[in-house]
Amino acid sequence: MPPVNAPYRPEGLTARPLHARIHPDAVAHNLARLRAALPAGRGTPRLWATVKADAYGHGLARILPALRHADGLAVLHLDEARACRRLNWHGPILVYGGLYSPADVLLVDTPGLHLVITHAAQLEWLARAPLAHPPSIWLRFAGDIHHTGFAADAYRAAYGIASDLRRRGLAADVGHLNHYARADEPDGVDDADAVFRRLIEGLPGPVSTSNSAALLKHAARAVDTQWVRPGLALYGASPFADTSAAALDLRPAMSLHSQVVGIQRVSAGAGVGYGGAFSAPRAMDVGIVTCGYADGYPRAAPTGTPVIVDGVRTRLLGRVSMDMMAVDLGPVPRAGIGAPVTLWGAGGLAVEEVAASAGTIAADLLTGVSARVPAQLATAAFAR
Ligand SMILES: *Cc1c(COP(=O)(O)O)cnc(C)c1O
């Protein structure tokens, strides 16, 4: 039988070895790295650090201290904006989702709020609710992604109404916001940017277009814009299928760790996991790792998905189940019960690689780590 390794336990009182480690120092590094990518010279754009979805799954409260040099934060909805204020963020906050109902206007109760406006009714709601702190508003163009926002033929009319709100003191400013559908592609923003620039030609107001991919691949497009809005890259994941985060000098802000909790010696022809999706070609040692799809590990990850066991890169075997998965101990015969396992984010195993193997993207995995997985800060440097 393989040996039973010395038990390894993360700090803290969690019984199950599965945990995420959050690296705020990596976020601080990535923020500086993204700033360095901004076009220098006349009017370098300001930077909204996108922290929606609980800072892409890393925990807003854990990440905020590392973002103190950001110019603003960007969130999805107003409750998230209030959470930022509760955590003592006093700078600007951009709200992507804006208003969902007239009552939401009552939540716009803090100075420095920037609201993305995506349809005409939201302008009416604002017009009817004089606020102590009128928000800056950003008109969103539907662009080439067609998620939310004004179509080209409605944009100028919306701008007229918004400008009227500003004249009446109901809005602090009116800006122009576009979001690209294909910023990860080499020529992916050329047409979209040209269309947007024509649309807003001659309309005063600040402009914001660039997310992580646009900033890293098409930095020149951020010239003559006043704000950029990166998210994913702040957390150290590459937005590109063909370029690793390491090649972009981005550091992963989350690593996911567990342990081998069982070892099975299976004979040739034996199945491993539900449905016998993996059938052992020969007698082999299989490690059982406590991490499954109920923890947010993608069930779609197939045999061959990389996993690190005791510092050695090996592979997933068979189907991921709710609470556990099987891994090949062939390359790491010394691994016993308690051997440390890295699922992603350290030891050279990028979350993008696991995501690609599962047919998805890094942001899907980072935001999908479930509440039952405890998180711990990897360094004390930013702890409050
Ligand atoms: C989420 C979001 C971003 C950040 O995008 P990343 O690809 O994570 O950098 C920027 N703008 C808008 C409108 C968004 O919804």
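A: A residue counts as near a molecule if one of its heavy atoms lies within 4 Å of it. Please note that this is a predicted model.

Q: Which residues surround the ligand?

A: The ligand is surrounded by T50, K52, Y56, Y96, R140, H179, N211, S212, R229, P230, G231 and L232.

Q: How far is an oxygen atom of the ligand from an N or O atom in the side chain of Y56?

A: That distance is 2.5 Å for Y56. The side chain of N211 also has an N or O atom 3.2 Å from a ligand oxygen. For Y96, a side-chain N or O atom lies 3.4 Å from a nitrogen atom of the ligand.

Q: And how much of the ligand does the protein bury?

A: Taken alone, the ligand exposes 390 Å², and the protein buries 86% of that.

Q: Turning to the largest nonpolar core, which residues touch the most other members?

A: They are I137, Y297, V309 and W344, in a core of 109 residues.

Q: Which helix gives the most to this core?

A: Helix 6, spanning residues 152-167, gives the most, with 5 residues. The core draws at least three residues from each of domain 1 (24-239) and domain 2 (252-377).

Q: What does I137 touch?

A: Leaving aside residues up to four places away in sequence, I137 touches L115, I117, L123, L126, A162, L165, A171, D173, V174 and G175.

Q: What does the second core include?

A: This separate core has 9 residues, among them V266, V272, A280 and I288.

Conventions:
Residues are numbered from 1 along each chain as its sequence is written. This is a predicted model: local features need pLDDT of at least 70, side-chain atom pairs count only at pLDDT 80 or more; totals for chains, interfaces and linings use all residues. Side-chain values use heavy atoms; hydrogens and water are left out. A nonpolar core is a set of buried Ala, Val, Leu, Ile, Met, Phe, Trp, Tyr and Cys residues joined through side-chain atoms within 4.5 Å. Buried means under 20% relative accessible area, exposed over 50%, partly exposed in between (1.4 Å probe, protein chains only). Helices (H or I, at least four residues) and strands (E, at least two) are DSSP runs, numbered from the N terminus. Domain bounds come from an automatic or database domain assignment. Contact means heavy atoms within 4.5 Å. A polar contact is a pair of N or O atoms within 3.5 Å; within protein, one must be able to donate a hydrogen and the other to accept it, and residues adjacent in sequence count only if both atoms are side-chain atoms. Accessible areas come from the Shrake-Rupley method with a 1.4 Å probe; for residues, only the protein chains shown count as cover.
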